[in-house]
Structure formats: C-alpha cells, structure tokens
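Take a look at the model below. We start at the ligand and then move to the helices.

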Amino acid sequence: MLNDADAELSRRLIERGIANRDATPAYLQELRGNYKGLGHTVALPADTAQVSDIIRLCAEKRVGVIPYGGGTGLVAGQVAPEGPVPLILSLEKMSAIRAVRAEEGTLDAEAGATIADIQRAAEAAGLLFPLSYGAQESARIGGALAVNSGGINVLRYGMTRDLCLGLEAVLPSGEILHGLKRLRKDNTGYDLRHLLIGSEGTLGVITAAALRLVARPARLATAFLAVEDPAAALTLLSLFRDQAAESISSFELLSGQSYAFLGATCPEVRLPFETAPEWSVLVELGTGPSLDPEAVLAETFEAALERGLVHDGRIAQSGQQRADFWQVREMIPEANRRIGAIASHDIALPLSEVAGYIAEATPALRALLPCRINVFGHLGDGNLHFNVFPPSGEGRDAYRHRTAEVTRLVHDMCVARGGTFSAEHGIGRAKAADLQRYGDPAKLAAMRAIKAALDPLGIMNPGAVLLTG
Ligand SMILES: Cc1cc2nc3c(=O)[nH]c(=O)nc-3n(C[C@H](O)[C@H](O)[C@H](O)COP(=O)(O)OP(=O)(O)OC[C@H]3O[C@@H](n4cnc5c(N)ncnc54)[C@H](O)[C@@H]3O)c2cc1C
C-alpha cells in the first residue's frame, strides 16, 4: 500500500514519462536471505536522461535512491532494511549493447546489460569479455562495476575495473558525466571512472560503460588436480607460472568440504574424483592456435607428481568435460546456500600468507564452536571464501547468535596477516561496520569528504558502505 509521499513520487515519475512499478518481493530480498529491503516503488528508466530526471526528483523530495542491477550482490548493497523508504532505481530496461568495435577491442554497454549478454556480444565479434562468475546470467554490468567484481579470470585479465575504459554516469546532482571514452591513455586530472567503480551506488548511478575486450584463446586446457594441502597448491601455482606464464587464467581452490556439500545437495553435478580429495585446484590455461596448452598442462602435472605436490588429476578431454568441471566450481555457492552458513567470508591475503592463514584459522574456529568449514575460492588471486557451517545434522538457526563472533575471528586473523575482509564482493551494508573497524582513518575521512562533496543530501544508497549517524 503506497503512502501519500510514495504515491506522489510515482505520479511525478509518470508525468515525466518514466515507467515504474510496485516493488515485488524479488527487489526486496537478497540471495542469502539475511536482509529484507524496504521499498514501495521501482523506477524503470529507459535512458540516461530519465535517470537524471529521477535523481533530480529524489533530490528535490529528499528520497533515498538504491541503484539496482541484477540483485545478485552478496553484501546487501541493493537492499535497505531500515531508514526512510527509498526509491529503487532498476537499470533493467537499459540493457542495450550500444557498439562493438572488433578492430579496437572495445564494446559500449548500457548498465543493465548482463555480464553474459556482453560475453555473447564479444564472442560474436570473435573476442572475449573475460569477466566471468556464477551469477553472470543475472548480474548486470552496472552492478559489477559498482562492486568491482572479480571472478574466475582475474589472475590473467584483472577485476572489472581493469576491463573498463570509460563510464557514463548520473551524479547525485542529476548531472550527466559523459565519460564514455575508449582511451587506454587519458591523464586529464582526477579519474572519476575509478572513483565510481567500487562505490556501490553511493556516489552516482552508472548508466553505461566502455569495456575492453581481449583476444579469445583459440585453445584451452582445463584440469582438476588433487594437491597435498594449500601450501602445495601455491607451489603448484608457481610451477604453472614458470611453465605457462600469462596463459594461466584460472587457479581455483576447492576443499573436501566443497565436494561433500555438492554431493549432498546438488546430485546433478558430476564430481571429477571418485573419492573427494581433501584439497584440489581447478586450473585453466588458454593460448593462441599455434601453442599446445594441454601439453603444458600434462607436463606440469607430471613434474608436480614427481615433486609430491599433487597425487591425482583429471584433464578435461572434451568441451563437455570442461563445462562439467566448471559446473563443479560454479555450483559451490548454491550448495553452500542449500546447507545454510553460519557466516560467509570473502577475504584476500598476500599469497605467501594464505596457507598459514588456513592452518591457523581452521583450528581457531573449531576451538570456538563445533562447525564445518568450506574453504574455496580464487587461490591465484589470494582470495578465499572461508565459510562456516553448523555441524552435520544441525541447522544454522541454532548458531545465528555466534555469527558476529565467528566473523570477527576470521576477519581479525586475516587483517593481522595483511589481508582484507572484502576481496571482491564490496562493503554494502553487511560489511559497513567492518570498514569502520578495520579501515585506515585517513582513508575513511577522505571517503566521507568525497561523499559529502558529491552527495551533500545523502540520497545515494544511504546506509551502504559508510555508516551513517
Ligand atoms: C552465485 C554467485 C556467484 C558469484 N561469484 C562471484 C565471483 O566469483 N566474483 C565476484 O566478484 N563476485 C561474485 N558474485 C557477486 C557479484 O559480484 C555480484 O553478484 C554482482 O556483480 C552484482 O551485480 P548485480 O547487477 O546483481 O548488482 P546488484 O546486486 O543489483 O547491486 C550490487 C550493488 O551495486 C549497486 N548498483 C547496481 N547497479 C548499479 C548502477 N548501475 N550504478 C551504481 N550502482 C549500482 C547496488 O546499489 C548495490 O550496492 C557472485 C554472486 C553470486 C550470486
């Protein structure tokens, strides 16, 4: 039921020819079910001028705005559970691929284009858009830029930030930033593109991006290798770097718990090993047509066997088997969701600290409470998802009161080793208190000053990233 203020907002949007609808539950929940958002109206702009109109209207009415992409964010940046009811501004109708320039290796996409749509447009031009992760059919490029997503190819191609050449955005004043340049070099003062990337909707609405495309590897080789432990996995990574240099694009870690959860909850997933190894890595190499990545993979596997780093392995023998291998990795978040975590973490450490961290944090958590720990993630980037679950046969509800304690331990130990409590998911609302706790005071002061300068009315995604009040 709309109150008078919402009804007026909706009427004013209609007067301006801007489509809107009532907020259905899909806009108000996040995938992990930890937050329930407020919101009555979803504005559905058709173009950048309409986004500007919406922001000016919200500034006039002092209504908060939540930019909304695919709703797949994992830190509750896209849902506001408390405070005055905001307007949800969904980019879903702005999903055009405006241009593909194969000769330049660039593509312009509107913020509502999904990652998978952009991948397909790049493929049609014979190129690759290397951003890739499990939520890519739903996540939109505006959301990916807003949180600076990572994914499975960061090792070779970088984060979303590294794939963005230019941005078009609407600032909190309603002004349009015409930054859709496609230049690799442009040193003309403060780079607002990099300020907006990773700002999670708190400094403006991204409406379009100029993106970098790369050469599509003509040949791929993919394998699951069972390793002795995380330290052996990291030595194996060095070995691959020596052998394959820049052609190594993915190096993902899976724990035995990942296989156990997949086996229990996702019977459709084909597991690569008859007996799940305690630790394993999924590795992928990609090369041009004249090189043989399978030979490099097989030789490195042999060398690693001889050195006792690996004790088993499966090299994909077909495109289908490669897809099956990746399905194993990509279904882990879904298996975790079905089991139900007490606490999920997205941490990153310097590579030389990763093995020591796992060896130290695992017994520390087990001493704190009975639990199962699923460690997996983008090991090549030093990025672990270190997720904690109730013991077998028990539900998470009985352990909800321990979540903060568990997270504190995981984050404290990570930060003590020079790591971060948010590697690729952002801050949103779920980690705003962590940012306040662990953030460098000078950085926090500068962030607040930037926020106050660009968004003096505080209308952009209030409550996300920086704690208010
Ligand atoms: C199964 C699964 C696997 C995942 N795997 C990975 C992974 O491997 N690596 C990784 O990095 N992430 C991963 N993620 C998280 C991923 O980064 C986010 O889900 C995604 O990038 C967010 O995009 P979205 O369009 O869904 O944004 P939303 O969830 O809608 O929004 C996310 C944030 O961005 C803001 N926002 C959205 N659109 C805009 C815009 N146009 N302008 C300004 N702000 C905006 C929102 O206000 C919010 O703060 C995964 C998520 C899932 C569900």
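A polar contact is a pair of N or O atoms within 3.5 Å; within protein, one must be able to donate a hydrogen and the other to accept it, and residues adjacent in sequence count only if both atoms are side-chain atoms. This is a predicted model, where local features need pLDDT of at least 70, side-chain atom pairs count only at pLDDT 80 or more, and totals for chains, interfaces and linings use all residues. Residues are numbered from 1 along each chain as its sequence is written, and side-chain values use heavy atoms, with hydrogens and water left out.

Start with Q78. One of its polar side-chain atoms lies 3.5 Å from an oxygen atom of the ligand. G143 uses its backbone: an N or O atom there lies 3.5 Å from a ligand nitrogen. At G151, a polar backbone atom is 3.2 Å from a nitrogen atom of the ligand. How much of the ligand does the protein bury? Alone, the ligand exposes 970 Å², and the protein buries 94% of that (accessible areas by the Shrake-Rupley method, 1.4 Å probe).

Now widen the view to the shell. Around the ligand are 34 residues (a heavy atom within 4 Å), of which P67, T72, G73, Y133 and G150 come nearest. By class, 14 are nonpolar, 17 polar and 3 charged. Here Ala, Val, Leu, Ile, Met, Phe, Trp, Tyr, Cys and Pro count as nonpolar, Asp, Glu, Lys and Arg as charged, and the others, Gly among them, as polar. Helix α4 gives the largest share of the shell, 5 residues. Helices are DSSP runs (H or I, at least four residues), as are strands (E, at least two), numbered from the N terminus.

Turn to the helix packing. Helices α1 (residues 4–15) and α2 (residues 48–61) pack at about 150°, with axes 11 Å apart. Axes are lines fitted to C-alpha atoms, for helices over the stretch in contact, and angles run from 0 to 180 degrees between N-to-C directions. So α1 is roughly antiparallel to α2 (over 145 degrees).

Key
Angles under 35 degrees count as roughly parallel, over 145 as roughly antiparallel, 65 to 115 as roughly perpendicular and the rest as oblique.
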